[in-house]
Amino acid sequence: MEVGAPTLNLALWVLLAVVLALTLVFGIALSYHLFRYSTNSSVARIATALYASVASVLALSLVALVTSL
Amino acid sequence: MKALELAAGEQILVQTRRHWLTFARDALGILAIGAGLFALLGLMNLPNFTASSDPRFITMLAFAEVLWLLILWCALSVVWVNYYLNTWIVTNRRIINVEQPRLFSRTVASWQLETVRDVRTEMRNPLQSLFNYGLVVFSSRGAASPVRMEGMPHADLVSNAILHQIEKYRTLEETAKKQEILLHTVSHEVKAHLTKNEAVLSLIASGDFGNVPEKVKTIATTALQDTRKGVDMVMGILSSSDFKTGTMKFTFAPFDIASALQDVVSELRSSAEQKGISITVGAESSSLLVNGDEEKVRSHVARNLIENAIHYTHRGSIGITLSRVENAVLLAISDTGVGISAEDMPKLFTEGGKGTNSRDINRSSTGYGLFIAKQVVEAHGGVIWAKSDGPGCGSTFYVCFPAATSSPLGTNTV
(Lines give C-alpha, C1' and ligand atoms only; values in the text may rest on other atoms or scores of the structure.)
Protein backbone atom coordinates (compact mmCIF):
# COMPACT_ATOMS: atom_id res chain seq x y z
CA MET A 1 0.00 0.00 0.00
CA GLU A 2 2.76 2.38 0.96
CA VAL A 3 4.75 1.71 -2.20
CA GLY A 4 1.82 2.30 -4.59
CA ALA A 5 0.32 5.29 -2.71
CA PRO A 6 1.54 8.11 -5.05
CA THR A 7 0.32 6.20 -8.09
CA LEU A 8 -3.02 5.53 -6.45
CA ASN A 9 -3.36 9.20 -5.47
CA LEU A 10 -2.61 10.29 -9.02
CA ALA A 11 -5.13 7.80 -10.41
CA LEU A 12 -7.78 9.09 -7.99
CA TRP A 13 -7.09 12.71 -8.92
CA VAL A 14 -7.37 11.86 -12.62
CA LEU A 15 -10.61 9.95 -11.96
CA LEU A 16 -11.91 12.90 -9.94
CA ALA A 17 -11.03 15.36 -12.71
CA VAL A 18 -12.85 13.22 -15.29
CA VAL A 19 -15.90 12.81 -13.04
CA LEU A 20 -16.08 16.54 -12.29
CA ALA A 21 -15.72 17.44 -15.98
CA LEU A 22 -18.42 14.95 -16.95
CA THR A 23 -20.77 16.21 -14.22
CA LEU A 24 -20.28 19.77 -15.41
CA VAL A 25 -20.76 18.96 -19.09
CA PHE A 26 -23.77 16.81 -18.27
CA GLY A 27 -25.27 19.61 -16.18
CA ILE A 28 -24.77 22.20 -18.94
CA ALA A 29 -26.33 19.87 -21.54
CA LEU A 30 -29.25 19.06 -19.26
CA SER A 31 -29.89 22.69 -18.50
CA TYR A 32 -29.64 23.70 -22.19
CA HIS A 33 -32.09 20.95 -23.13
CA LEU A 34 -34.56 21.99 -20.45
CA PHE A 35 -34.40 25.69 -21.24
CA ARG A 36 -34.76 24.99 -24.95
CA TYR A 37 -37.76 22.68 -24.85
CA SER A 38 -39.58 23.42 -21.62
CA THR A 39 -42.72 25.52 -21.80
CA ASN A 40 -42.13 26.76 -18.30
CA SER A 41 -38.82 28.51 -17.73
CA SER A 42 -39.33 28.55 -13.93
CA VAL A 43 -39.37 24.74 -13.89
CA ALA A 44 -36.21 24.70 -16.00
CA ARG A 45 -34.54 27.16 -13.61
CA ILE A 46 -35.53 25.24 -10.46
CA ALA A 47 -34.51 21.87 -11.96
CA THR A 48 -31.14 23.26 -13.06
CA ALA A 49 -30.52 24.78 -9.61
CA LEU A 50 -31.48 21.52 -7.88
CA TYR A 51 -29.23 19.44 -10.12
CA ALA A 52 -26.35 21.86 -9.64
CA SER A 53 -26.77 21.97 -5.82
CA VAL A 54 -26.84 18.21 -5.28
CA ALA A 55 -24.11 17.58 -7.87
CA SER A 56 -21.92 20.29 -6.24
CA VAL A 57 -22.32 18.78 -2.74
CA LEU A 58 -21.41 15.32 -4.05
CA ALA A 59 -18.52 16.65 -6.14
CA LEU A 60 -17.12 18.62 -3.18
CA SER A 61 -17.40 15.50 -1.01
CA LEU A 62 -15.35 13.65 -3.62
CA VAL A 63 -12.71 16.39 -3.61
CA ALA A 64 -12.60 16.34 0.21
CA LEU A 65 -12.19 12.57 0.28
CA VAL A 66 -9.37 12.56 -2.26
CA THR A 67 -7.63 15.44 -0.47
CA SER A 68 -7.83 13.58 2.86
CA LEU A 69 -5.98 10.60 1.41
CA MET B 1 -43.60 23.97 -26.68
CA LYS B 2 -41.11 26.43 -27.98
CA ALA B 3 -39.87 24.15 -30.74
CA LEU B 4 -43.38 23.20 -31.91
CA GLU B 5 -45.16 25.35 -34.42
CA LEU B 6 -48.92 25.23 -34.74
CA ALA B 7 -50.68 26.03 -38.00
CA ALA B 8 -52.83 29.13 -38.34
CA GLY B 9 -56.13 28.55 -36.55
CA GLU B 10 -54.84 25.46 -34.74
CA GLN B 11 -55.75 25.38 -31.06
CA ILE B 12 -54.43 23.18 -28.28
CA LEU B 13 -57.26 21.25 -26.59
CA VAL B 14 -55.30 18.95 -24.32
CA GLN B 15 -51.65 19.10 -23.37
CA THR B 16 -50.47 16.47 -20.94
CA ARG B 17 -47.48 14.45 -19.90
CA ARG B 18 -47.50 10.94 -18.40
CA HIS B 19 -48.90 10.47 -14.90
CA TRP B 20 -46.42 11.31 -12.12
CA LEU B 21 -46.65 7.71 -10.88
CA THR B 22 -44.88 6.53 -14.05
CA PHE B 23 -41.98 8.83 -13.14
CA ALA B 24 -42.10 7.59 -9.54
CA ARG B 25 -41.89 3.99 -10.82
CA ASP B 26 -38.78 4.77 -12.93
CA ALA B 27 -37.19 6.77 -10.11
CA LEU B 28 -37.80 3.96 -7.63
CA GLY B 29 -36.05 1.59 -10.02
CA ILE B 30 -32.95 3.79 -9.95
CA LEU B 31 -33.11 4.20 -6.17
CA ALA B 32 -33.43 0.42 -5.82
CA ILE B 33 -30.23 -0.05 -7.85
CA GLY B 34 -28.52 2.55 -5.63
CA ALA B 35 -29.76 0.90 -2.46
CA GLY B 36 -28.46 -2.41 -3.78
CA LEU B 37 -24.83 -1.35 -3.31
CA PHE B 38 -25.38 -0.27 0.29
CA ALA B 39 -27.33 -3.45 1.02
CA LEU B 40 -24.39 -5.42 -0.35
CA LEU B 41 -22.01 -3.62 2.01
CA GLY B 42 -24.39 -4.35 4.89
CA LEU B 43 -24.41 -8.03 4.00
CA MET B 44 -20.62 -8.01 4.06
CA ASN B 45 -20.92 -6.87 7.68
CA LEU B 46 -18.85 -3.83 6.77
CA PRO B 47 -18.87 -2.05 10.19
CA ASN B 48 -16.91 -4.92 11.77
CA PHE B 49 -14.74 -5.18 8.69
CA THR B 50 -13.88 -1.47 8.52
CA ALA B 51 -13.11 -1.23 12.27
CA SER B 52 -9.94 -3.20 11.75
CA SER B 53 -9.06 -1.92 8.25
CA ASP B 54 -6.69 0.67 6.87
CA PRO B 55 -8.17 4.27 7.07
CA ARG B 56 -7.10 4.85 3.45
CA PHE B 57 -9.22 1.90 2.40
CA ILE B 58 -12.22 3.31 4.27
CA THR B 59 -11.74 6.71 2.56
CA MET B 60 -11.59 5.04 -0.84
CA LEU B 61 -14.72 3.10 -0.02
CA ALA B 62 -16.45 6.37 0.88
CA PHE B 63 -15.16 7.86 -2.41
CA ALA B 64 -16.70 4.96 -4.33
CA GLU B 65 -20.02 5.40 -2.49
CA VAL B 66 -20.20 9.14 -3.19
CA LEU B 67 -19.26 8.52 -6.81
CA TRP B 68 -22.04 5.96 -7.00
CA LEU B 69 -24.49 8.53 -5.55
CA LEU B 70 -23.38 11.10 -8.13
CA ILE B 71 -24.00 8.64 -10.96
CA LEU B 72 -27.44 7.84 -9.51
CA TRP B 73 -28.22 11.53 -9.24
CA CYS B 74 -27.33 12.06 -12.91
CA ALA B 75 -29.47 9.06 -13.92
CA LEU B 76 -32.38 10.35 -11.84
CA SER B 77 -32.03 13.77 -13.49
CA VAL B 78 -32.19 12.19 -16.95
CA VAL B 79 -35.30 10.19 -16.04
CA TRP B 80 -36.99 13.32 -14.73
CA VAL B 81 -36.06 15.46 -17.77
CA ASN B 82 -37.35 12.74 -20.09
CA TYR B 83 -40.56 12.49 -18.09
CA TYR B 84 -40.99 16.24 -18.01
CA LEU B 85 -40.37 16.82 -21.72
CA ASN B 86 -42.41 13.86 -23.03
CA THR B 87 -45.68 15.47 -23.99
CA TRP B 88 -48.89 14.60 -25.77
CA ILE B 89 -50.80 17.44 -27.36
CA VAL B 90 -54.28 17.19 -28.85
CA THR B 91 -55.19 20.14 -31.06
CA ASN B 92 -58.31 20.75 -33.10
CA ARG B 93 -56.45 19.30 -36.12
CA ARG B 94 -54.00 16.66 -34.95
CA ILE B 95 -52.48 14.64 -32.15
CA ILE B 96 -48.83 15.45 -31.47
CA ASN B 97 -46.36 13.36 -29.53
CA VAL B 98 -43.13 14.92 -28.36
CA GLU B 99 -41.04 11.94 -27.38
CA GLN B 100 -37.80 12.03 -25.46
CA PRO B 101 -36.58 8.44 -25.54
CA ARG B 102 -33.09 9.41 -24.32
CA LEU B 103 -31.71 12.65 -22.96
CA PHE B 104 -30.49 14.19 -26.18
CA SER B 105 -32.72 12.47 -28.69
CA ARG B 106 -36.05 14.00 -29.40
CA THR B 107 -38.77 13.06 -31.89
CA VAL B 108 -41.94 14.92 -32.74
CA ALA B 109 -44.69 12.92 -34.46
CA SER B 110 -48.18 14.01 -35.39
CA TRP B 111 -51.31 12.34 -36.68
CA GLN B 112 -53.98 14.33 -38.50
CA LEU B 113 -57.38 13.85 -36.87
CA GLU B 114 -59.01 12.84 -40.14
CA THR B 115 -56.74 9.77 -40.23
CA VAL B 116 -57.36 8.72 -36.62
CA ARG B 117 -59.61 5.68 -36.01
CA ASP B 118 -60.60 3.29 -33.19
CA VAL B 119 -59.72 5.33 -30.12
CA ARG B 120 -59.90 3.28 -26.91
CA THR B 121 -58.66 3.46 -23.33
CA GLU B 122 -57.28 0.73 -21.09
CA MET B 123 -56.76 0.67 -17.33
CA ARG B 124 -54.84 -2.45 -16.57
CA ASN B 125 -54.36 -2.57 -12.81
CA PRO B 126 -55.92 -1.29 -9.57
CA LEU B 127 -53.20 1.35 -9.23
CA GLN B 128 -54.20 2.88 -12.58
CA SER B 129 -57.89 2.86 -11.54
CA LEU B 130 -57.07 4.36 -8.15
CA PHE B 131 -54.91 7.15 -9.55
CA ASN B 132 -57.04 7.53 -12.68
CA TYR B 133 -54.50 7.06 -15.43
CA GLY B 134 -54.15 4.54 -18.22
CA LEU B 135 -53.40 3.80 -21.81
CA VAL B 136 -55.04 5.51 -24.78
CA VAL B 137 -54.66 3.62 -28.06
CA PHE B 138 -55.66 4.78 -31.50
CA SER B 139 -55.10 3.62 -35.06
CA SER B 140 -54.11 5.95 -37.81
CA ARG B 141 -54.14 5.58 -41.57
CA GLY B 142 -50.51 5.32 -42.61
CA ALA B 143 -49.27 4.10 -39.21
CA ALA B 144 -48.15 0.47 -39.33
CA SER B 145 -49.27 -0.31 -35.77
CA PRO B 146 -51.68 1.34 -33.29
CA VAL B 147 -50.30 4.39 -31.53
CA ARG B 148 -50.08 4.02 -27.74
CA MET B 149 -50.33 6.95 -25.36
CA GLU B 150 -48.90 5.36 -22.20
CA GLY B 151 -49.61 6.57 -18.67
CA MET B 152 -52.18 9.18 -19.64
CA PRO B 153 -53.71 10.96 -16.65
CA HIS B 154 -57.53 11.05 -17.06
CA ALA B 155 -57.26 8.68 -20.01
CA ASP B 156 -61.03 8.66 -20.57
CA LEU B 157 -61.15 12.47 -20.82
CA VAL B 158 -58.25 12.53 -23.29
CA SER B 159 -59.93 9.82 -25.35
CA ASN B 160 -63.27 11.69 -25.27
CA ALA B 161 -61.58 14.92 -26.35
CA ILE B 162 -60.05 13.13 -29.35
CA LEU B 163 -63.33 11.42 -30.29
CA HIS B 164 -65.29 14.65 -29.91
CA GLN B 165 -62.83 16.48 -32.12
CA ILE B 166 -62.88 13.72 -34.77
CA GLU B 167 -66.69 13.86 -34.81
CA LYS B 168 -66.64 17.64 -35.10
CA TYR B 169 -64.07 17.45 -37.86
CA ARG B 170 -66.12 14.90 -39.81
CA THR B 171 -69.30 16.94 -39.47
CA LEU B 172 -67.48 20.02 -40.72
CA GLU B 173 -65.97 18.06 -43.57
CA GLU B 174 -69.37 16.72 -44.63
CA THR B 175 -70.94 20.16 -44.36
CA ALA B 176 -68.13 21.68 -46.42
CA LYS B 177 -68.58 18.95 -49.04
CA LYS B 178 -72.33 19.56 -49.22
CA GLN B 179 -71.76 23.31 -49.49
CA GLU B 180 -69.23 22.75 -52.22
CA ILE B 181 -71.70 20.62 -54.20
CA LEU B 182 -74.46 23.18 -53.68
CA LEU B 183 -72.17 26.02 -54.75
CA HIS B 184 -71.11 24.05 -57.78
CA THR B 185 -74.72 23.34 -58.79
CA VAL B 186 -75.87 26.91 -58.24
CA SER B 187 -72.85 28.28 -60.10
CA HIS B 188 -73.60 26.02 -63.05
CA GLU B 189 -77.23 27.21 -63.15
CA VAL B 190 -76.22 30.86 -62.86
CA LYS B 191 -73.56 30.40 -65.52
CA ALA B 192 -76.13 28.91 -67.93
CA HIS B 193 -78.46 31.88 -67.46
CA LEU B 194 -75.65 34.43 -67.68
CA THR B 195 -74.30 32.85 -70.85
CA LYS B 196 -77.76 33.06 -72.46
CA ASN B 197 -78.05 36.70 -71.41
CA GLU B 198 -74.55 37.36 -72.71
CA ALA B 199 -75.45 35.90 -76.10
CA VAL B 200 -78.65 37.93 -76.38
CA LEU B 201 -77.02 41.17 -75.25
CA SER B 202 -74.14 40.57 -77.62
CA LEU B 203 -76.56 40.17 -80.52
CA ILE B 204 -78.40 43.37 -79.54
CA ALA B 205 -75.14 45.33 -79.15
CA SER B 206 -73.75 44.08 -82.45
CA GLY B 207 -76.95 44.99 -84.29
CA ASP B 208 -78.00 41.46 -85.23
CA PHE B 209 -81.60 42.27 -84.27
CA GLY B 210 -81.60 45.21 -86.64
CA ASN B 211 -81.21 48.85 -85.82
CA VAL B 212 -81.95 49.64 -82.21
CA PRO B 213 -81.99 53.09 -80.65
CA GLU B 214 -78.55 54.32 -79.53
CA LYS B 215 -79.72 54.45 -75.90
CA VAL B 216 -80.75 50.79 -76.01
CA LYS B 217 -77.41 49.89 -77.61
CA THR B 218 -75.51 51.68 -74.86
CA ILE B 219 -77.55 49.93 -72.18
CA ALA B 220 -77.03 46.57 -73.92
CA THR B 221 -73.24 47.17 -74.13
CA THR B 222 -73.03 48.07 -70.44
CA ALA B 223 -75.18 45.10 -69.51
CA LEU B 224 -73.00 42.87 -71.70
CA GLN B 225 -69.85 44.01 -69.87
CA ASP B 226 -71.50 43.36 -66.50
CA THR B 227 -72.72 39.97 -67.64
CA ARG B 228 -69.22 39.03 -68.81
CA LYS B 229 -67.84 40.00 -65.39
CA GLY B 230 -70.54 37.81 -63.84
CA VAL B 231 -69.58 34.91 -66.13
CA ASP B 232 -65.91 35.40 -65.20
CA MET B 233 -66.75 35.32 -61.52
CA VAL B 234 -68.87 32.18 -61.84
CA MET B 235 -66.15 30.55 -63.91
CA GLY B 236 -63.68 31.44 -61.16
CA ILE B 237 -65.89 29.85 -58.50
CA LEU B 238 -66.36 26.74 -60.65
CA SER B 239 -62.64 26.39 -61.37
CA SER B 240 -61.80 26.88 -57.71
CA SER B 241 -64.40 24.26 -56.79
CA ASP B 242 -62.94 21.86 -59.37
CA PHE B 243 -59.49 22.31 -57.86
CA LYS B 244 -60.74 21.63 -54.36
CA THR B 245 -62.69 18.54 -55.35
CA GLY B 246 -59.83 17.34 -57.54
CA THR B 247 -61.96 17.26 -60.67
CA MET B 248 -59.94 19.80 -62.66
CA LYS B 249 -58.58 18.10 -65.75
CA PHE B 250 -55.23 18.97 -67.31
CA THR B 251 -53.96 17.94 -70.69
CA PHE B 252 -50.19 17.97 -70.49
CA ALA B 253 -48.10 18.42 -73.60
CA PRO B 254 -44.92 20.36 -74.31
CA PHE B 255 -45.72 23.86 -75.58
CA ASP B 256 -43.83 27.04 -76.27
CA ILE B 257 -44.55 29.38 -73.37
CA ALA B 258 -42.84 32.33 -75.12
CA SER B 259 -45.29 32.09 -78.01
CA ALA B 260 -48.28 31.67 -75.66
CA LEU B 261 -47.16 34.75 -73.73
CA GLN B 262 -46.83 36.83 -76.91
CA ASP B 263 -50.41 35.88 -77.87
CA VAL B 264 -51.77 36.93 -74.48
CA VAL B 265 -49.84 40.21 -74.59
CA SER B 266 -51.20 40.94 -78.10
CA GLU B 267 -54.76 40.40 -76.83
CA LEU B 268 -54.27 42.70 -73.84
CA ARG B 269 -52.01 45.37 -75.33
CA SER B 270 -54.90 47.57 -76.45
CA SER B 271 -56.47 47.73 -73.00
CA ALA B 272 -53.07 48.68 -71.55
CA GLU B 273 -52.55 51.37 -74.17
CA GLN B 274 -55.99 52.80 -73.42
CA LYS B 275 -54.65 53.51 -69.92
CA GLY B 276 -51.40 54.88 -71.33
CA ILE B 277 -49.36 51.94 -70.08
CA SER B 278 -46.66 50.37 -72.19
CA ILE B 279 -45.95 46.65 -72.15
CA THR B 280 -42.50 45.35 -72.98
CA VAL B 281 -41.74 41.68 -73.43
CA GLY B 282 -38.23 40.31 -73.21
CA ALA B 283 -37.67 36.63 -73.86
CA GLU B 284 -34.23 35.10 -73.57
CA SER B 285 -34.99 32.71 -76.39
CA SER B 286 -37.61 32.66 -79.13
CA SER B 287 -38.77 29.25 -77.96
CA LEU B 288 -39.01 28.02 -74.37
CA LEU B 289 -40.72 24.69 -73.92
CA VAL B 290 -42.82 23.84 -70.88
CA ASN B 291 -44.67 20.60 -70.33
CA GLY B 292 -48.20 21.56 -69.39
CA ASP B 293 -51.75 22.49 -70.26
CA GLU B 294 -51.25 25.44 -72.60
CA GLU B 295 -54.83 26.66 -72.42
CA LYS B 296 -54.87 26.76 -68.62
CA VAL B 297 -51.45 28.38 -68.38
CA ARG B 298 -52.53 31.01 -70.90
CA SER B 299 -55.91 31.87 -69.39
CA HIS B 300 -55.41 31.25 -65.67
CA VAL B 301 -51.78 32.26 -65.26
CA ALA B 302 -50.41 34.53 -68.01
CA ARG B 303 -53.65 36.36 -68.80
CA ASN B 304 -54.60 36.69 -65.15
CA LEU B 305 -51.25 38.15 -64.09
CA ILE B 306 -51.00 40.59 -67.02
CA GLU B 307 -54.62 41.71 -66.56
CA ASN B 308 -53.91 42.30 -62.87
CA ALA B 309 -50.81 44.31 -63.76
CA ILE B 310 -52.91 46.49 -66.10
CA HIS B 311 -55.68 46.92 -63.51
CA TYR B 312 -53.36 47.96 -60.72
CA THR B 313 -51.07 50.24 -62.73
CA HIS B 314 -52.27 53.83 -63.25
CA ARG B 315 -49.22 55.08 -65.11
CA GLY B 316 -45.86 53.78 -66.14
CA SER B 317 -45.10 50.43 -67.68
CA ILE B 318 -45.35 46.69 -67.39
CA GLY B 319 -42.25 44.62 -68.07
CA ILE B 320 -42.48 40.93 -68.85
CA THR B 321 -39.40 38.75 -68.99
CA LEU B 322 -39.07 35.09 -69.74
CA SER B 323 -35.82 33.32 -69.09
CA ARG B 324 -34.41 29.86 -68.63
CA VAL B 325 -32.91 29.23 -65.20
CA GLU B 326 -31.18 25.84 -65.08
CA ASN B 327 -34.00 23.31 -65.59
CA ALA B 328 -36.81 25.81 -65.19
CA VAL B 329 -38.49 28.61 -67.08
CA LEU B 330 -38.92 31.80 -65.08
CA LEU B 331 -41.65 34.28 -65.98
CA ALA B 332 -41.47 37.67 -64.27
CA ILE B 333 -44.20 40.29 -64.65
CA SER B 334 -43.31 43.60 -63.03
CA ASP B 335 -45.32 46.77 -62.96
CA THR B 336 -45.05 50.31 -61.68
CA GLY B 337 -48.48 50.06 -60.09
CA VAL B 338 -49.94 50.49 -56.65
CA GLY B 339 -47.78 47.79 -55.05
CA ILE B 340 -48.72 45.36 -52.32
CA SER B 341 -48.69 46.11 -48.60
CA ALA B 342 -47.12 43.66 -46.15
CA GLU B 343 -50.54 42.88 -44.66
CA ASP B 344 -52.06 42.11 -48.09
CA MET B 345 -49.18 39.84 -49.11
CA PRO B 346 -50.37 36.72 -47.20
CA LYS B 347 -53.90 37.05 -48.68
CA LEU B 348 -52.61 37.25 -52.22
CA PHE B 349 -52.96 33.63 -53.34
CA THR B 350 -55.83 32.63 -51.05
CA GLU B 351 -59.31 31.71 -52.18
CA GLY B 352 -61.49 34.82 -52.37
CA GLY B 353 -58.62 36.85 -50.89
CA LYS B 354 -58.82 40.50 -51.82
CA GLY B 355 -56.29 43.16 -51.01
CA THR B 356 -57.10 46.63 -49.71
CA ASN B 357 -56.53 48.11 -53.16
CA SER B 358 -58.74 45.65 -55.01
CA ARG B 359 -61.86 47.07 -53.33
CA ASP B 360 -61.14 50.57 -54.70
CA ILE B 361 -59.22 49.94 -57.91
CA ASN B 362 -60.51 46.66 -59.26
CA ARG B 363 -64.09 46.35 -58.12
CA SER B 364 -64.76 43.50 -60.51
CA SER B 365 -62.09 41.43 -58.76
CA THR B 366 -63.53 38.06 -57.79
CA GLY B 367 -60.69 37.17 -55.47
CA TYR B 368 -60.30 33.84 -57.27
CA GLY B 369 -57.81 34.80 -60.00
CA LEU B 370 -54.53 34.42 -58.12
CA PHE B 371 -55.82 31.44 -56.14
CA ILE B 372 -56.58 29.60 -59.39
CA ALA B 373 -53.27 30.75 -60.93
CA LYS B 374 -51.43 29.24 -57.95
CA GLN B 375 -53.35 25.97 -58.25
CA VAL B 376 -52.58 25.76 -61.98
CA VAL B 377 -48.89 26.55 -61.45
CA GLU B 378 -48.60 23.99 -58.64
CA ALA B 379 -50.38 21.36 -60.75
CA HIS B 380 -47.54 21.86 -63.23
CA GLY B 381 -44.95 21.35 -60.51
CA GLY B 382 -44.15 25.05 -60.54
CA VAL B 383 -44.01 27.87 -58.03
CA ILE B 384 -45.62 31.31 -58.02
CA TRP B 385 -44.73 34.18 -55.73
CA ALA B 386 -44.85 37.96 -55.57
CA LYS B 387 -42.54 40.71 -54.41
CA SER B 388 -43.28 44.31 -53.65
CA ASP B 389 -41.49 47.02 -51.73
CA GLY B 390 -44.84 48.23 -50.46
CA PRO B 391 -47.71 50.52 -51.49
CA GLY B 392 -46.82 52.78 -54.41
CA CYS B 393 -43.64 50.84 -55.26
CA GLY B 394 -45.03 48.51 -57.89
CA SER B 395 -44.86 44.75 -57.73
CA THR B 396 -43.36 41.78 -59.50
CA PHE B 397 -44.99 38.37 -59.89
CA TYR B 398 -42.75 35.41 -60.57
CA VAL B 399 -43.81 32.08 -62.01
CA CYS B 400 -41.38 29.22 -62.34
CA PHE B 401 -42.26 26.16 -64.41
CA PRO B 402 -40.09 23.09 -64.87
CA ALA B 403 -38.73 23.24 -68.42
CA ALA B 404 -39.72 20.48 -70.83
CA THR B 405 -36.72 18.37 -71.70
CA SER B 406 -37.86 17.20 -75.11
CA SER B 407 -39.68 18.47 -78.15
CA PRO B 408 -43.45 17.84 -78.42
CA LEU B 409 -44.08 14.11 -78.67
CA GLY B 410 -47.52 13.47 -77.24
CA THR B 411 -50.10 14.44 -74.69
CA ASN B 412 -50.92 13.20 -71.24
CA THR B 413 -54.20 13.91 -69.53
CA VAL B 414 -54.42 14.04 -65.74
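Chain B holds an open sheet of 5 strands in the order E9-E11-E12-E14-E13, with mixed pairing. Strands here pair if DSSP finds at least two bridges between them. Helices (H or I, at least four residues) and strands (E, at least two) are DSSP runs, numbered from the N terminus. This is a predicted model, where local features need pLDDT of at least 70, side-chain atom pairs count only at pLDDT 80 or more, and totals for chains, interfaces and linings use all residues. Residues are numbered from 1 along each chain as its sequence is written, while chains are lettered from A and ligands numbered from 1 in the order in which they are written.

Angles run from 0 to 180 degrees between N-to-C directions, and axes are lines fitted to C-alpha atoms, for helices over the stretch in contact.

E9(B) pairs with strand E11 (residues 316-325) of chain B in the parallel sense, over 7 bridges. To find your way along that pairing, look for B:Ala283, whose bridge partner in E11(B) is B:Leu322.

Which helix runs at about 170° to E9(B)? That is helix H7 (residues 257-274) of chain B, which lies across E9, E11, strand E12 (328-335) and strand E14 (395-402) of chain B. H8(B) packs on the sheet too, touching E9, E11, E12 and E14 of chain B, and its direction makes about 20° with that of E12(B). Contact means that the C-beta atoms of two residues, placed from the backbone, lie within 7 Å.

**The 4-stranded sheet**

Chain B has another open sheet, of 4 strands in the order E1-E2-E3-E4, with antiparallel pairing. At its edges stand strand E1 (12-16) and strand E4 (105-112) of chain B, each with a single partner strand, so one side of each is left without a neighbour in the sheet. Neighbouring strands are turned by 15° against each other on average, direction ignored.

Strand E2 (residues 87-91) and strand E3 (residues 94-102) of chain B run antiparallel, joined by 4 bridges. They form a hairpin with 2 residues between them. Inside it, B:Ile89 stands opposite B:Ile96, and B:Trp88 has B:Asn97 as its bridge partner. E3(B) then runs antiparallel to E4(B), with 7 bridges, and these two strands also form a hairpin with 2 residues between them. B:Ile95 has its bridge partner in E4(B), namely B:Trp111. Helix H5 (residues 155-205) of chain B lies across E1, E2 and E3 of chain B, at about 155° to E1(B).

| Helix pair | Angle between axes | Axis distance |
|---|---|---|
| H8(B) (residues 294-311) and H10(B) (residues 369-379) | roughly 140° | within 9 Å |
| H2(A) (residues 41-68) and H3(B) (residues 55-85) | about 165° | 9 Å |

On the angle scale, under 35 degrees counts as roughly parallel, over 145 as roughly antiparallel, 65 to 115 as roughly perpendicular and the rest as oblique. H2(A) is therefore roughly antiparallel to H3(B), and H8(B) and H10(B) are oblique to each other.

Ala, Val, Leu, Ile, Met, Phe, Trp, Tyr, Cys and Pro count as nonpolar, Asp, Glu, Lys and Arg as charged, and the others, Gly among them, as polar.

Where H2(A) meets H3(B), A:Leu58, A:Leu62 and A:Leu65 are among the residues from chain A, with B:Phe63, B:Leu70 and B:Trp73 among those from chain B. This contact divides into 15 nonpolar, 4 polar and no charged residues.

**Between the chains, and confidence**

Overall, 19 residues of chain B are in contact with 23 residues of chain A. The chain B side has 14 nonpolar, 2 polar and 3 charged residues. The predictor gives the complex an ipTM of 0.89 and a pTM of 0.55.
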